[in-house]
Amino acid sequence: QVQLVESGGGLVQPGGSLRLSCAASGFTFSNYAMRWYRQAPGKERELVATITSASAGGSTNYADSVKGRFTISRDNAKNTVYLQMDSLKPEDTAVYYCKVTMAGRSYWGQGTQVTVSS
């Protein structure tokens, strides 16, 4: 079955960096676009970054709020998608999730908490 497992969250000071990982299994990873979302307390879940499939060139897209600070990448040999987060701000505090959609159905990981605070 499809499984997504996020890791790499934690507590970091403003201006710091974290790298999140999402290990995927149960499907042909390279064939699908992967997305990172986040949800802050009391707010709706928002799309942070997208990376297309290998056949689509692995192109990337970002929310305006993270553009220039976050980088999404994928390692198809390791079935893993990453989110490198630099210059972190307190407003980046949220639970971060990865998602894949196939045949009209979306699959989510359990999320990893990122807290940006001094």
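Which residue in β5 is the bridge partner of R38? It's E46. The model here is predicted, so local features need pLDDT of at least 70, side-chain atom pairs count only at pLDDT 80 or more, and totals for chains, interfaces and linings use all residues. Residues are numbered from 1 along each chain as its sequence is written, and side-chain values use heavy atoms, with hydrogens and water left out.

**Reading the terms**
- Strands are DSSP runs of E with at least two residues, numbered from the N terminus.
- Two strands count as paired if DSSP finds at least two bridges between them.
- Strands of a sheet pair through backbone hydrogen bonds, either parallel or antiparallel.

**The four-stranded sheet**
- An open sheet of 4 strands runs in the order β1-β3-β8-β7, and its pairing is antiparallel.
- At the edges sit β1 (3-7) and β7 (70-75), each of which pairs on one side only.
- From one strand to the next, the twist averages 15 degrees (axes are lines fitted to C-alpha atoms, and angles run from 0 to 180 degrees between N-to-C directions).
- Antiparallel β7 and β8 (residues 80-85) are joined by 6 bridges.
- Look for S73 here: its bridge partner in β8 is Y82.

- Strand β4 (residues 34-39) runs antiparallel to β5 (residues 46-51), with 5 bridges joining them.
- Opposite T50 you'll find N61 in β6.
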